[in-house]
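Work through the exercises below with the sequence and the structure at hand. Each task is followed by a solution in steps.

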Amino acid sequence: MQKVLNAFSGAWDAMTESQVWKSVFRHGAITSNRNRVLVMMSNVFLHLHPVKSRKAGIKLRYTWCMGGITFFLFLVLTLTGLLLMFYYRPTVEYAYADIIDLSEHVPLGIMRELHRWGAHAMVITVWLHMFRVFMTGSYKPPREFNWGVGVILLVLTLLLSFTGYLLPWDQLAIWAITVGSNMARATPLLGTEGPLTAALKLGDINLINSGNDARFALLGARSVGENTLLRFYVLHCVGLPLVAAVLMSVHFWRVRKDGGISGPM
Amino acid sequence: MEFIKNIINWSSGPTVLFTVATIAFALSIKYPQVWSKKFAYILFGGMAVFYCFSMFDPNFFLIVAKPDNVPITFMLFLVAFFTWFALHQGVENDKRVAAGEEPLEKQEQDKVWVWPDLVYVELLCMVLLTIGLVVWSILLPAPLEQPANPADSPNPSKAPWYFLGLQEMLVYFDPWLAGVVFPTLIVVGLLAIPFIDTNPKGNGYFTFKERRAEIAIFLYGFIVLWILLVVSGTFLRGPNWNFFGPYEYWDPHRVEPLLNVNISDIFWVRVLGRPLPSNPIVREFLGIGMILFYTGFLPVALAWPKEKFPKFLQWMSLNNYYEKMGPARYYLGVMLFLLMISLPIKMYMRWIWDLKYIVAFPEIFFNI
């Protein structure tokens, strides 16, 4: 037994002493305080963290880890979404059939499940994260701005989920989006059935009609169809995630700049 | 058994459910000591027992076990737990402060190394979450219905679940309010919170006593006006958006009489016994007056000092907030608050007087 252990530890030492290992990890074994600092400073992923943190701030009891879980779910959704994009074509002709193929013909076909349940979970964890931040008063100065960034991220999460809801192109999808987007028709001034819209007139001609109102801008058509599917697909896979990623960077950066995880003064 | 089910069906109707939730909420704010461990056992025990027994009911099972409704059950338990957890910690900290100690968080001010103390927790969290998500995905296939057919609209047609609070609002308000103005106001209101709330206390630790008003307003909006409406919109609204108790069959042929009338009908036709005036401004003057009173006069009047109120209304004076916050913060905060509680106000006007619109200009889609 001892021999086996020695062999392992020898192999481990040889590996961590090698030039390849040292080119990646530029610090020794993380057993000294110096290396605990270096591991945070020299790793692009870990450097989101401070080197040290107040004990109260990292307790699960305090943070519920909800922000972290939300970010982790975003990463899961990015990865599974990327894999789904290999198989899915956003056209009325193929979309539904591709969704069926995903579970019928793709090995280990639970990618869509991971993506859908992860998305639902992310909406819930984002709400709980906001709830925790409110209940600990963590939006108070100096963190007002970051609370605002968080609110925008919450809206983006809902929009991401909403645009993704259409993509399976089944009855559930188009009717949920129809019900949701019908609201845009009632936008004041900008929707055909919105208050004050009728006042926007040039002589006898209504400036806003069902071919150019807020709902049309959302759907790219007068009803949920081919154009909507493409529009939602592009927003879901490229537009919204890009904006969310940028704002998340701001969010995390400001957490650090505003003094780390909140705590009593 | 049937008897109990009938009681639960009846008491989950929008009127009873909402009233009970509001009263229970008010009591829990008045007596925060209820957020004890004992209460948690009763609450979660009760919820678990309710769910377990109800699963044997075919109608209940049919709705709750729909794949896209499963996350709502998760949410219900998570939100209940974390609401209890946050308030429990707040109350515990208040006790400590009252006894001359510091909040728990303040006692743990010493710094620890992020590697390993935080990084390992994060790793563990990721591993557990991944396992949970994979197990969930294997056990429960994602829903897929018939291919999209624009000619065949299902009944009920529901928005994605997180918007069902807004869809529920459509019962009481027109789409321009429920679907456009109120969602915008929710976002604006959330953005405005740090700037309205000038209370320097309770920053960075759980507390209840030091932030009673803020917590009460936020919790009412989040728990009662958002989560409760999402849950009832998911589980209790069936065909034609009619209400169905948790053990009722979603009968698409059930007819609910629509008896709702406008304020103008009540005033001109019922009270004065005359036909509606043809001039729309005259026709709607009462409703317009009420809206102007609510959004114009009321915020100003609430800022008056106590002495200017009649004796029995003195509790309404928000003068101390006006003094503390200054005019800009006060008016923004009070307007947002009044618009938030305009939802329950309109709900009760509907339930008590069958009121449809306070102001109705259907000609220009301007109905409130």
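**Exercise 1: a pair across the chains**

Task: find which residue of β1(B) stands opposite K52(A).

Solution. The model is a predicted one. Start from K52(A) and look across to β1(B): the residue opposite is W113(B).

**Exercise 2: the contact between the chains**

Task: state how many residues each chain brings to the contact, and describe the side of chain B.

Solution. First, the count: chain A brings 80 residues and chain B brings 69 residues. Second, the elements: on chain B, at least two residues each come from several elements, among them α5 (70–98), β1 (111–113), α8 (119–139) and α11 (212–235). Third, the leading element: α10(B) gives the most to this side, with 10 residues.

**Exercise 3: two helices of chain A**

Task: decide how α8(A) and α9(A) are oriented to each other.

Solution. Packed helices are described by an angle and a distance between their axes. Helix α8 of chain A (residues 144–166) and helix α9 of chain A (residues 171–182) pack at about 135°, and their axes are 7 Å apart. An angle over 145 degrees would count as roughly antiparallel; α8(A) and α9(A) are therefore oblique to each other. On α8(A), the contact is made by F162(A), Y165(A) and L166(A). On α9(A), the contact residues include I174(A), I177(A) and G180(A). The contact of α8(A) with α9(A) divides into 7 nonpolar residues, 1 polar and no charged.

Technical notes:
Residues numbered from 1 in each chain as written. Chains lettered and ligands numbered in written order. Predicted model: local features only at pLDDT ≥ 70, side-chain atom pairs only at ≥ 80, totals over all residues. Contact = placed C-beta atoms within 7 Å. Helix = DSSP H or I, 4+ residues; strand = E, 2+ residues; numbered from the N terminus. Pairing = 2+ DSSP bridges. Axes fitted to C-alpha atoms, helices over the stretch in contact; angles between N-to-C directions. Parallel < 35°, antiparallel > 145°, perpendicular 65-115°, else oblique. Nonpolar A, V, L, I, M, F, W, Y, C, P; charged D, E, K, R; others polar.
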